[in-house]
Structures are given as structure tokens and as C-alpha cells.
Amino acid sequence: MAERISLEVPATLGALSTIRIVLGGVGARLDFSLDDLDDLFLATDRLLGAALDWEELDSLRVSVQVDGSSLQITAGRFGSAQLREQVAVTPGNCIDLCTVLARLVDDVAVQDDGECYNVVITKQRTESAA
Amino acid sequence: MTGRDERRVNDPLDLESLPGQARHVPDDDEEEEGGGAETASAGPAADREGRGKDDSEKLDQYLLRRYHLHGDRKAREQLITMYLPLVRSLARRYASRGEHFDDLVQVGAIGLIKAIDRFDLSRGVELTTYATPNIVGEIKRYFRDKGWSVRVPRGLQELNIRLNKVIDELVPKLQRSPTINELAEAANATPEEVLEALETSQAYNSVSLQASPNGESGEEDAGLIDYLGGEEEAYDTMEDRTTLAPGFAKLDKRERYILHLRFFEGLTQSQIAERVGISQMHVSRLIRRSLEKLREEIGDLDTPMPPRSSDDER
């Protein structure tokens with residue numbers, strides 16, 4: 001059974017530190033490299049930072065699932081159409097959220113959840129590490 | 001200044017001996033302008049004997065009178081020089097908080113100069129008594145305005161500095177980015193401590209240009225300013241799509257270059273660090289800062305939610 005960790009933190013930028021610490025702990029156990037972990041931290045920060053810009057949230061809900069040599073992070077439940085568009089569409093030469101996520105993690109998906117949606121990002125361990 | 005004089009001036013907590021360098025503390029009336037400075041710097045060997053606090057106070061008062069009553073700038077300069085050890089001593093108390101020691105001394109020196117300039121001769125207090133709270137106040141004000149945005153324990157700051165070195169050593173050795181466990185082993189720390197130390201690096205607001213890239217304060221280390229150097233040709237040859245991207249005008253050339261390498265060339269942070277000649281942790285900070293600038297710039301073009309209150313900011 002895949003390991004799953006669920007977090008609910010206040011909807012503030014300061015609370016992202018807690019999420020990074022948890023991601024770091026799990027990533028370290030999976031022998032993620034420092035580069036991989038920093039990419040994961042940055043991707044999560046950008047996604048949740050954008051969510052804080054576009055959503056009126058009381059708290060951020062994030063779950064981390066360990067699957068072999070990859071980490072899957074699910075963040076939600078979001079309702080903002082602008083955030084959804086930013087995650088999914090890149091307007092060309094812009095280093096926007098979509099481009100940043102695409103470069104930093106291996107997969108980005110939007111999963112509908114009733115009237116809301118979750119954003120799922122997946123980071124695979126770089127095999128040259130350890 | 002002789003070698004012995006130099007040693008004494010730089011010796012913290014040796015305050016009493018410093019003014020005691022005066023072979024003779026003249027009355028205000030018997031000395032020509034500039035004579036005080038000359039007298040006070042002479043004869044260090046003779047002063048140790050029979051010169052104590054009284055002499056230093058007399059010299060202080062003499063120099064303060066020279067400055068405040070006669071506008072003698074040399075007397076002011078000599079007071080500053082004499083009391084620099086006090087500044088160093090007080091600055092050292094705050095040296096573990098992540099700021100470069102020399103920066104703290106400079107800030108403390110501003111407090112000292114203010115104390116000398118504002119000193120009231122009629123109040124009959126010692127300069128040390130008046131200067132100490134001024135120096136400490138200036139240093140505290142500096143910490144309030146700059147430096148670590150949150151209080152980071154000394155142990156974590158030191159580990160952070162060690163990690164910077166360890167990363168720079170391990171990347172070429174392993175030919176890849178190290179794992180947390182490898183960093184922990186090399187830095188003689190636990191993986192949890194490594195993660196915590198890496199997290200603290202995000203709490204740092206500013207980097208002194210005089211600080212060495214690895215965060216140490218050794219005088220032999222080159223400062224960051226030495227790495228800035230001239231313009232890198234490659235900065236100008238990046239593709240137009242990068243330079244034309246929205247918000248890029250707000251970034252300097254090096255920030256644009258690093259974002260280009262990361263997001264268009266696909267280089268890892270370690271590879272960028274090697275190419276640009278800075279540490280991986282510095283690359284990480286620069287990418288974060290640049291993306292934040294872009295977000296703010298592009299965000300201005302959109303209409304996001306109203307800004308969060310300041311206490312939300314980390």
C-alpha cells in the first residue's frame with residue numbers, strides 16, 4: 001500500500017515552510033537529490049503561492065503520496081478558473097506558472113473534484129542520484 | 001603606527017590601555033590644534049606603568065573638548081580610533097546572527113560617531129557610558145531592518161555555511177547533485193538537520209557583498225563582490241524569446257541568464273552553479289527571487305485577489 005501523508009495548513013505563505021519540511025523528509029528517504037528536492041520545493045511554492053493569489057482560502061490541503069521512486073503531491077480543492085488556466089495553459093514565451101511547473105516536475109495534472117478541482121504534480125527521482 | 005600600536009588598537013576589551021597611550025595629557029590651553037593627536041599616539045611602552053582609568057578619562061575629555069569647543073577634526077578621528085575596540089567588542093555579541101562581522105563593526109561605528117558628535121561636555125559622564133547604548137542601538141536597528149527575517153539558531157546558521165561548502169565539494173566529486181543523506185554524512189549532521197538548515201537559508205534577506213560566497217568571514221576569502229566582475233558575454237547571447245518575455249525587464253542580466261539556463265536550456269541548479277561560478281544554494285535563491293519578481297510584474301497585468309496582509313508574509 002502506497003504511503004500517504006495528508007496536511008492541512010493555514011492559507012499563508014509562511015505555512016509553506018511546513019509543507020517543504022515534510023516534502024524534504026519524504027524526498028530524503030527516497031534519496032532525491034538536492035536539485036530534485038529544490039525543484040519540488042519551488043514547484044510546490046509556486047503552485048500554492050498562485051493559489052493564495054487567486055483563491056480565498058482558509059487553509060491549504062496538501063497530500064503527499066510515495067509511489068516507488070516518485071512523489072505525488074495533490075493540492076486543492078481549488079475553484080478559481082484563473083488558477084486552473086495558469087496551471088494548464090502557457091501563453092508562449094512567458095515563464096509563467098505552467099512553464100515553471102513543466103520544467104520543475106515530471107507531470108502536472110488537474111483532477112476535477114465535483115465543483116472544485118485538485119492539482120496533482122509528480123516528481124520522479126533522477127536515477128543518476130545515489 | 002607601529003606594529004604594537006596596531007595590535008593594541010585591534011584588541012577588544014583593552015579600552016583602558018588605549019587612552020593610556022598618552023604620555024602626557026595636556027590642558028586644553030597648552031596644546032595647539034593637532035598636537036593632541038600627536039601626543040596621544042606616542043610612547044606606548046611608557047603608558048603601561050602608572051596609567052589607568054584617570055588618564056584615559058582625561059584624554060577622552062581633552063579630545064572631546066578639542067572637538068566640541070575648537071572643531072578639531074583630528075581629535076574626533078582619534079576618539080573614533082580609540083573606541084573602535086569597544087565597537088568590535090559590542091559587535092562581536094551579535095556576530096552569530098548571520099551578518100558579516102565587519103558590517104556590524106561599520107554599523108556600530110556609526111553609533112560611535114553619533115555618540116561623539118552628540119556628546120554633551122556639561123553632563124559630566126564618561127564617553128564609554130554614553131557611547132555604549134548608542135553603538136548597541138545602531139546595531140539593533142540594523143538587525144531590525146536587515147539580515148535574517150526570522151531568528152535562526154546559531155547552530156543552523158553554521159550548518160548552513162558548512163552545507164554550502166559540502167555541496168560545492170560533492171557536486172564535482174559525485175558528478176551529480178548530492179542527496180540529503182550524502183550531505184548529512186559529509187556535514188556530520190542528521191538528514192533532518194540538513195533539511196532544517198536548508199530551510200533556514202530561505203529566511204535570509206540579504207547577502208553582504210563583502211561576505212565570502214561560503215558565508216565565512218575570513219579575511220583571505222574573496223567576497224561576493226569579487227565574483228561579480230565584468231559582464232558575461234553569454235548574458236547577451238540568450239535567445240530573444242527570453243529577453244522579450246513579459247516581466248523580464250525587471251530582472252538584471254544575470255537573473256535573466258540564470259532563468260534562461262533553467263527554464264529554456266533545462267540545466268539543473270548544480271549545472272548552472274558550475275557555469276555561472278556561484279554556489280548551488282545561491283542559484284536556488286536567485287531563481288526564487290527572480291520568479292518572485294516576475295510574478296509581481298506579471299501579476300500587475302492581471303487582476304488577482306487583493307494582497308494578503310503583511311503578517312501573512314514569511
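In chain A, strand β2 (residues 59-67) and strand β3 (residues 70-78) run antiparallel and are joined by 7 bridges; strands count as paired if DSSP finds at least two bridges between them. This is a predicted model, in which local features need pLDDT of at least 70 and side-chain atom pairs count only at pLDDT 80 or more, while totals for chains, interfaces and linings use all residues. Residues are numbered from 1 along each chain as its sequence is written, and chains are lettered from A and ligands numbered from 1 in the order in which they are written.

β2(A) and β3(A) form a hairpin with 2 residues between them, and A:G68 in the turn has a positive phi of about 65°. A:D67 has A:S70 of β3(A) as its bridge partner. β3(A) also runs antiparallel to strand β5 (residues 116-124) of chain A, with 7 bridges between them. There, A:T74 stands opposite A:V120 of β5(A).

Chain A has 4 helices and 5 strands, taken as DSSP runs numbered from the N terminus (helices H or I, at least four residues; strands E, at least two). Their order along the sequence is β-α-α-β-β-α-α-β-β. Of the 130 residues in chain A, 42% are buried, that is, have 20 or more other C-beta atoms within 10 Å of their own, with C-beta atoms placed from the backbone.

In chain B, the mean pLDDT (the predictor's confidence in each residue, from 0 to 100) is 70, and 59% of residues reach 70 or more. Confidence is lowest in helix α1 (residues 3-9) of chain B, at a mean of 36, and highest in helix α9 (residues 180-187) of chain B, at 94. The model scores ipTM 0.87 and pTM 0.58.

Definitions and conventions. Buried ≥ 20, exposed ≤ 12 C-beta atoms within 10 Å, placed from the backbone.
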